[in-house]
Amino acid sequence: MGYTSEVIDERRHLTNLAYRLLGSVTEAEDAVQETYARWYGLTPARQDAVENPGAWLTTVATRVCLDQLGSARARRERYVGEWIPEPLPDRTEWIGGSAGSGPVDPADRITLDESVNMAFLVVLEAMTPAERVAFVLHDVFRYPFAEVAAMLGRSPAACRQLAAAARRRVPAPAPSSPAAAPAPAGLVRAFKRAWEAKDIDALVSLLAPDATLVADGGGLAGAVLRPLEGAARIADYLLFIAAKAPGLTLLERTVNGTPGLVARHTGTTVTVAAFEITGAQVARIWAVRNPEKLGPWQPRAEEEGA
C-alpha cells in the first residue's frame, strides 16, 4: 500500500470541510476521526482497491457530516438560548483543539477565509442539511455537481437545485457607501475603547440603529436568551456587563478571520465577540460565552505569568 502519506495529508482538507459543514470545531474533529476510523477499518485489499483515497475520504466525511447535521438540528432545538458556531482564533493564537489542551498539528488547523466568517456561518445554519452540504461542496470547495452528486447519493440536477436554494438564502452584499468607511479593525478598536470608557453615547453612535446582538451561553454561562435589537438596548446591556464584571479585560483579536474582541475575567476567557460591520457602523455582534466553545481561546501559560 502506498497511500499512507496521501491519506494523512487529507486531514487538513477534511477538517476544513467538516468545520464549514458543521460550524463546530468539536463536531468537525469527531467527523474527521470517524472518517479515518472507517478508512483504517478497511482490509488492506479494500484499501488497495480504492483508486482515489482523497475522494473516498471526502465522500465519507461528507456523509458523516450530513448525518451529524440531522442530529445537530434536533440538539440545537433543545439548546438553551441561541446557538452560535464555535469561534476560531487566528492560527498564531490557536493553543489547542476543541478543549484547548495542547499544541495542535498545523495540518489540523482550519484555513481562515470569507467562508468561515461568523456572518457566513450563521447563514449556513439556516439551510437544510442537504442544501448546506451541496452549497459548501460546490460554491465553497468548487466540486463539480457530478462529484457532489456522488457524495450525496443524488442526481447532479438535484444537487444543483439544492445549491441554488441555498444560494438564495445568502444575502446580497450591501452597497458600498460613497464615503470612505473606516477599516473594520479601527471600528472594533473604537468600540472597545467606548466600552472600556463606559461611554454610552459613543457606543450608540458606533452601532447601527437596527443593530442586533446575539449571545450564546448554552445554559453554562449567563447570556441573554434572545437577540437584543437596537443600538440603545445593546449599549445598555454592554454597560450592564461592564458593571457586573469590573475586572473585565478586552483584547483585540482576530475572530474567524475578521477583527473581533475577547473578554477575559480573572485570567479566563469568558466571551469571544465577532462583528459584522456595514459601512461605518456595527450591524451585528455574536458573543460566544459557552465555555465549551472557548477552549482554544484560553490564555497561554506565558500570558498568565505575565
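What percentage of the 306 residues in the protein is buried? In this predicted model, buried residues account for 47% of the chain's 306 residues. The protein contains 13 helices and six strands.

**Overall features**

- The accessible surface of the protein amounts to about 14600 Å², and carbon and sulfur atoms contribute 54% of that area.
- Of the contacts between residues at least 6 apart in sequence, 66% connect residues that are at least 24 apart.

**Cysteines**

- The number of disulfides in the model is zero.
- Cys65 has a relative accessible area of 0% and is therefore buried, the cut-off being under 20%.
- Cys159 is likewise counted as buried, because its relative accessibility is 0%.

- Thr62 belongs to helix 5, which spans residues 53-77.
- Because its relative accessible area is 0%, Thr62 is classed as buried.
- When residues up to four places away in sequence are set aside, Thr62 touches Leu17, Val133, Leu137, Met151 and Leu152.

**The contact of helix 5 with helix 7**

- Helix 7 covers residues 129-140, and its axis comes within 9 Å of the axis of helix 5, the two crossing at roughly 140°.
- This crossing of helix 5 and helix 7 is right-handed.
- Helix 5 contributes Thr62, Leu66, Leu69, Gly70 and Arg73 to the contact, while helix 7 contributes Pro129, Ala130, Arg132, Val133 and Leu137.
- By residue type, the contact of helix 5 with helix 7 is made up of six nonpolar, two polar and two charged residues.
- Val133 and Leu137, which belong to the helix 7 side of this contact, are also among the residues that Thr62 touches.

- Trp297 is located in the loop that runs between strand 6 (281-288) and helix 13 (301-304).
- Although it lies in a loop, Trp297 counts as buried, because its relative accessibility is 4% and the cut-off is under 20%.
- Apart from neighbours within four places in sequence, Trp297 is in contact with Pro87, Leu88, Pro89, Arg253, Thr254, Val255, Val262, Arg264, Thr269 and Val272.

Key:
Residues are numbered from 1 along each chain as its sequence is written. This is a predicted model: local features need pLDDT of at least 70, side-chain atom pairs count only at pLDDT 80 or more; totals for chains, interfaces and linings use all residues. Side-chain values use heavy atoms; hydrogens and water are left out. Helices (H or I, at least four residues) and strands (E, at least two) are DSSP runs, numbered from the N terminus. Buried means under 20% relative accessible area, exposed over 50%, partly exposed in between (1.4 Å probe, protein chains only). Contact means heavy atoms within 4.5 Å. Accessible areas come from the Shrake-Rupley method with a 1.4 Å probe; for residues, only the protein chains shown count as cover. A disulfide is a pair of cysteine sulfur atoms within 2.5 Å. Axes are lines fitted to C-alpha atoms, for helices over the stretch in contact, and angles run from 0 to 180 degrees between N-to-C directions. A crossing is left-handed if the near helix is turned anticlockwise from the far one by less than a right angle, and right-handed if clockwise. Ala, Val, Leu, Ile, Met, Phe, Trp, Tyr, Cys and Pro count as nonpolar, Asp, Glu, Lys and Arg as charged, and the others, Gly among them, as polar.
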